[in-house]
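Morning, everyone. Please have a look at the structure on the screen, and I will walk you through it.

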Amino acid sequence: MGLLSLAIWLPILSGAILLALGRDEHANAVRWIALIAALASFVITLPLITGFDSTTAAMQFQENLAWIDRFNVRYRLGVDGISVWFVLLTAFITVIVVISAWEVIEDRVNQYMGAFLILSGIMVGVFAALDGLLFYVFFEATLIPMYIIIGMWGGPRRVYAAFKFFLYTLAGSLLMLVAVIYLYYKSGGSFDILAWQKLPLPMAAQTLLFFAFFAAFSVKVPMWPVHTWLPDAHVEAPTGGSVVLAAIMLKLGAYGFLRFSLPITPDASHEWAWFIIALSLIAVLYIGLVALVQQDMKKLVAYSSVAHMGFVTLGFFIFSELGVSGGLVQMISHGFVSGAMFLCIGVLYDRVHSRDISSYGGVVNTMPTFTALAVFFAMANCGLPGTGGFVGEWMVILGTVKLNFWLGALAATTLVFGAAYTLWMVKRVYFGAVANEHVRTLSDTNRREVLMLSLLALAVLWMGVYPKPFTDTMHVSVTELLRHVAISKLN
C-alpha cells in the first residue's frame, strides 16, 4: 500500500471505527481519535510534495492493482502537478473541520466526525484515481456523506437542501457514466484514463462526450445556470459541511474538466470553448450582482463561490498556461479563503444563532481579535494583492486579456463586484457602533477558534506572498496538457 492508498483508506477506516463507538457515550474520545486520524492523514500527504518531481509531467506515486479482472477494472492511483496539491488541501481542510466541531457538535459526535473522515478519504480518491470506473465510484460516493451531513446536522430546511444537492449532482453524473462505458468499449476494454487521452475520436463522438462530461462537472462546480442547489446547501449545512463543500467539493467538477474534458475531447473543447467562456463570464457578472443583494451571510459567500469558480472555468478554456495555472491557483486559494469565511460565519452563528447581516453591527467593539482575522479573509475574497485571492485572479485576467482585451475587461469586473459585496457585508457586520444587546454581550474568539483561523490565515498569506511552490509544481503538467490539446487540434 502506497502513500495515496494510505491517504484514502486511513481516514475512511478511522471514520468507520468512529461510527462503531456509540453515539455520545465516548464523545471526548471520539474527538481525539478524529483529530489524530485527520492529522495522521495530513502528515501522510506531505511526502507527496516533498518527494514530488516537478520536472516531469508523468504520473507519480502510482499504484496499479487488479480490482475486477473480468472487465479489466484496475485499482490505479497516481498524481501529477495538476492534482497533487488538492490531495494536501483535502487533508488539511479535514483537520480544520475536526477542530471547528470540537465544542460545537454535541449530538451524534461519532457520526459527525466519522462522516467527515470518510468523505475526506473519498475526495482524495477522486483526485488520485487513474481508472475511469474507479474515478466514477469515488466521484459519486462523495454524495453520500455530504447528503448525511446536511440532512442530519443542517438547518430547518435541511431535508429539502440535502435532496436538491443529491438529485442535481447525481442526475448530471449519469451521463458521465454513459461516456465512461463508451470509452471503455472504444479503447478495446480499458478504463485507463491516460489511454483514453490517446484515442483518435471523431468530432461527433468528441462533442457528445464533451457534453456528457459537461453535465457532470458543470453541476459540481457549479456553473450558471445549474448553480441553484449550492446556496440552499450552504445555508442549511452545518459549518463544517459548508467549509468542505466550498473548499473541496466544488473543486471536483473543475478538476474533472482538466482530467477528462480537455485531454480526452480536445477538439470539442476548442469548438465549444466559447460556450464555457460565456457561461463563466455570466457567473462572474450576474452572480456578482446577485451576491450584492443577499441579506444572509452564508448565501452571500455561497454566491461569491459561484463567481470565483466561474473564474476557474474561464481560465481553463482560454487554453493558455497563464489561464490554466491561474485557474488551479484560484482553486487552491478559494479552498482556503472560502473555508475561512464560512468558519467566521459559523463563529458568529454559534454565539448569536443568526446569519442575517441585520442581526449584527459593531462586532469589532466586542470581538477585536476575531474581526481582524475575519476582515483579513474578506480582503482575500476581494482579491487584495499579497493574499492568495489575488494571484489566481490576476493570472486568469492576464491570460484572458492576451486572448481578447474585452473578455479580460469583463472578467476583471469580478474585482469590483467582489469588493462591493464583501466590503458591504464587512461594514455592516463588523464596523460602526454596537447595534444590539446580542452584539454587546459577544465574547472574543477562544484558543480553538484562533488556532483554526490562524492556520488558514497563514495559508492565505503564504499563497499571496510566495506562490512559487504552487506554480512550479503544476507548470510542467499544465504545459504538457496544453501541448496535447494543441497537437490534437492541429491533427
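I will cover a surface patch, a hairpin and a helix.

Keep in mind that this is a predicted model.

Let's start with the surface. M1, L6, W9 and L13 form a nonpolar patch there. Together they have about 420 Å² of accessible area. Take L13 from that group. L13 lies in helix 1, residues 3-19. Is L13 buried or exposed? L13 counts as exposed because its relative accessible area is 53%, and the cut-off for exposed is over 50%.

Next, the hairpin. Strand 1 covers residues 60-68, and strand 2 covers residues 73-79. How do the two strands run? They run antiparallel, joined by 6 bridges. I68 stands opposite V73 in strand 2. Between the strands sit 4 residues.

Now helix 16, residues 368-382. Helix 16 has 15 residues. From first C-alpha to last, helix 16 reaches 21 Å, close to the 21 Å expected at 1.5 Å a residue.

Which residues of helix 16 are buried? Among them are F370, L373, A374, F377, A378 and N381. Here is a general point: an α-helix has 3.6 residues a turn, so residues three or four places apart point the same way.

What do the buried residues of helix 16 pack against? Their partners are helix 14 (297-316), helix 15 (321-352), helix 17 (388-403), helix 18 (405-430) and helix 20 (447-465).

And what follows helix 16? That is G383, with a positive phi near 90°.

Definitions and conventions
Residues are numbered from 1 along each chain as its sequence is written. This is a predicted model: local features need pLDDT of at least 70, side-chain atom pairs count only at pLDDT 80 or more; totals for chains, interfaces and linings use all residues. Side-chain values use heavy atoms; hydrogens and water are left out. Two strands pair if DSSP finds at least two bridges between them. The expected span of a helix is 1.5 Å times one less than its number of residues. Buried means under 20% relative accessible area, exposed over 50%, partly exposed in between (1.4 Å probe, protein chains only). Contact means heavy atoms within 4.5 Å. Patches are made of residues with over 30% relative accessible area and no salt bridge: like charges are joined within 9 Å, nonpolar side chains (Val, Leu, Ile, Met, Phe, Trp, Tyr) within 5 Å. Accessible areas come from the Shrake-Rupley method with a 1.4 Å probe; for residues, only the protein chains shown count as cover. A salt bridge is a side-chain nitrogen of Lys or Arg within 4 Å of a carboxyl oxygen of Asp or Glu.
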